[in-house]
Amino acid sequence: FCMQIADALAAQGQDVLAFTLEMSAFELMARSISRETFLGDKTKGRALAKTVRGVLDGRRYASYGPRERGRLEEAKARYAAYAGHIWFREGDHETGMEEIRREVRRHIAETGNKPVVLLDYLQIVAPADVHFTDKQNLDRTVCALKKLSRGEELTILAISSFNRENYNVEATMSAFKESGGIDYSADVLL
């Protein structure tokens, strides 16, 4: 869902700086191209649409017919038309707020554009202090993101995991894992 938002913003010319701490940039790009194959496919049952695996696994291309390959090339071209406004920063559990802050500021300095920042996802941002609890570290991360948002006048979309107890019930503020700082600092929770 957040990548769909990012793609829509990029298609309108808005820069998006996506910090992907869990998935690779190739996986996220393949998701967007897969979605484009679906959106561009007007056949009954969307028979020409391709899954992410169908986009990523080049070995499958040999079995695709001319219409399927054509649909895939059209989808890649549609994605390429706006992909220049999406910047991926791949990270891992070692990626912390200092790196995120630095990359945002670098993007602004180099492009002159304030990006919408997408963070996937909050709970795996490197802890501010290894001696703090998960909740304390998440509160620090959320506060640092809020400060970055205000200081640079940015929109930040941050994905949060849910508590397991809330998987099968209606979502509430407490559903967000280690949620103390999230429900107080976020402008909108979806």
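Is Thr20 buried or exposed? Thr20 is buried, because its relative accessible area is 1%. Buried means under 20% relative accessible area, exposed means over 50%, and partly exposed lies in between, with a 1.4 Å probe and protein chains only.

A word on the model comes next. This is a predicted model, in which local features need pLDDT of at least 70, side-chain atom pairs count only at pLDDT 80 or more, and totals for chains, interfaces and linings use all residues. Residues are numbered from 1 along each chain as its sequence is written, and side-chain values use heavy atoms, with hydrogens and water left out.

Back to Thr20. Thr20 belongs to strand S1 (residues 16–20). Strands (E, at least two residues) and helices (H or I, at least four) are DSSP runs, numbered from the N terminus. Set aside the neighbours within four places in sequence, and Thr20 is in contact with Ala25, Leu28, Phe88, Arg89, Glu90, Gly91 and Asp120. Contact means heavy atoms within 4.5 Å.

Leu28 leads us to the helices. Leu28, Ser32 and Arg35 of H2 make the contact with Met3, Gln4 and Asp7 of H1. The axes of helix H1 (residues 2–11) and H2 come within 10 Å and cross at roughly 75°. Axes are lines fitted to C-alpha atoms, for helices over the stretch in contact, and angles run from 0 to 180 degrees between N-to-C directions. H1 and H2 are therefore roughly perpendicular to each other.

Met29, Ser32, Ile33, Glu36 and Thr37 in H2 meet residues of H4, among them Ala75, Tyr79 and Tyr82. Here the axes of helix H2 (residues 25–39) and H4 come within 8 Å and cross at roughly 120°. H2 and H4 are therefore oblique to each other. Angles under 35 degrees count as roughly parallel, over 145 as roughly antiparallel, 65 to 115 as roughly perpendicular and the rest as oblique.

The structure holds two aromatic pairs. In one of them, Tyr79 and Tyr82 have ring centres 5.3 Å apart and planes at 80°, so this pair is edge-to-face. Rings of Phe, Tyr and Trp (its six-membered ring) pair if their centres lie within 6.5 Å; planes under 30 degrees apart count as stacked, over 60 as edge-to-face and the rest as tilted. Tyr79 and Tyr82 are separated by about one helical turn, because they are three residues apart in helix H4 (residues 66–83). Tyr79 is buried at 6% relative accessible area, and Tyr82 is buried at 8%.
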